[in-house]
Amino acid sequence: MRSPQESLRNGVLETSTPPHHHHHHQPHHFHSTVSLLKLRRFNTLILIFRFVSFCFCLASTIFMATNSSNLLTWADFTTLRVVLAANGIVAVYSLAEMGASIWEILKGTTVLPETIQVWFDFSHDQVFAYLLVSANVAGTTMVRTLRNDGHTCSVNSSFCVQSTISISLGYVGFLFLGFSSLLSGFRVVCFIINCSRFHL
């Protein structure tokens with residue numbers, strides 16, 4: 001038979017145990033909810049950057065594809081063909097990534113397995129950012145050369161102006177793709193440290 005002290009001691013433990021678990025469970029639920037809200041805001045910010053990048057790269061592609069005069073067209077220059085292709089590719093990529101971001105915001109999970117998705121986003125952001133800036137730099141150099149020869153842009157001024165606008169739009173698209181790349185890089189770092197795509 002248990003002593004009064006043991007019974008009392010056990011009684012205290014039994015009555016104190018449920019509140020202990022109750023107080024432990026509630027903060028955990030609260031922090032989980034806050035973390036999910038932070039993750040959703042983070043993904044929304046990525047979505048905005050990708051949307052802006054998509055808009056500018058698409059506009060750049062359209063400006064270049066419609067860039068022609070009586071004597072010249074974008075297809076006459078290999079560099080401008082590369083500019084059009086690079087901006088078109090990044091526009092399609094940004095559109096696909098927008099879909100993935102919307103899926104993640106709505107469903108709370110990645111389209112691909114989390115490990116693959118995190119590295120896929122970061123690596124492709126890097127590759128396409130390099131592709132886009134390289135193409136636009138080459139296009140800038142070519143347009144500057146056309147302006148300096150004193151003849152081409154004086155005869156085909158609209159062609160040179162539209163080429164410049166297209167390339168400028170591509171630079172803005174690259175800028176926002178760079179912002180997306182920073183955020184996807186942050187997700188990679190969090191995944192390596194915490195095994196999660198966000199610092200929960």
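Begin with the protein chain as a whole, where residues 24 or more positions apart account for 78% of the contacts with a separation of 6 or more, a contact meaning heavy atoms within 4.5 Å. This is a predicted model, in which local features need pLDDT of at least 70 and side-chain atom pairs count only at pLDDT 80 or more, while totals for chains, interfaces and linings use all residues. Residues are numbered from 1 along each chain as its sequence is written, and side-chain values use heavy atoms, with hydrogens and water left out.

**The whole chain**

Of the 200 residues, 36% count as buried, where buried means under 20% relative accessible area, exposed means over 50%, and partly exposed lies in between (1.4 Å probe, protein chains only).

**Salt bridges**

A search of the whole structure finds 4 salt bridges, each being a side-chain nitrogen of Lys or Arg within 4 Å of a carboxyl oxygen of Asp or Glu. One of them joins Arg50 and Glu97, at 3.8 Å from N to O; Arg50 lies in helix α1 and Glu97 in helix α2, so this pair ties together parts that are 47 residues apart in sequence. Arg50 is buried, with a relative accessible area of 3%, and Glu97 is buried as well, at 4%. Asp125 also forms a salt bridge with Arg50, and here the closest N and O atoms are 2.9 Å apart. Because Asp125 lies in helix α3 and Arg50 in helix α1, the pair ties together parts that are 75 residues apart in sequence, and both Asp125 and Arg50 are buried.

Now move to Arg187 and Glu104, whose side chains meet in a salt bridge of 3.3 Å, N to O. This pair links distant parts of the chain, with Arg187 in helix α5 and Glu104 in helix α2, 83 residues apart. Arg187 counts as buried at 3% relative accessibility, and Glu104 counts as buried at 6%.

**Leu177 and the nonpolar cores**

Select Leu177 next, which, leaving aside its neighbours within four places in sequence, is in contact with Arg50, Ser53, Val90, Tyr93, Asp125, Phe128 and Ala129. A nonpolar core is a set of buried Ala, Val, Leu, Ile, Met, Phe, Trp, Tyr and Cys residues joined through side-chain atoms within 4.5 Å. The largest such core has 14 residues, and those with the most contacts inside it are Cys57, Val90, Phe128, Leu132 and Leu177. Helices α1, α2 (78-107) and α3 (114-148) each supply at least two residues of this core, and α2 gives the most, with 6 residues. Apart from it lies another core, of 13 residues, among them Leu80, Val83, Leu84 and Leu146.

**Aromatic pairs**

Then display the aromatic rings. Rings of Phe, Tyr and Trp (its six-membered ring) pair if their centres lie within 6.5 Å, and planes under 30 degrees apart count as stacked, over 60 as edge-to-face and the rest as tilted. By this rule the count comes to 6 aromatic pairs. Phe42 and Phe186 form a tilted pair, 5.6 Å centre to centre with 45 degrees between the planes, and they link distant parts of the chain, since Phe42 is in helix α1 (residues 4-65) and Phe186 in helix α5 (residues 157-194), 144 residues apart. Phe42 counts as buried at 11% relative accessibility, whereas Phe186 counts as partly exposed at 38%.

**Ser181**

Finally, select Ser181 in helix α5, which counts as buried at 9% relative accessibility. Leaving aside its neighbours within four places in sequence, Ser181 is in contact with Phe122, Asp125 and Gln126.

Terms used:
Helix = DSSP H or I, 4+ residues; strand = E, 2+ residues; numbered from the N terminus.
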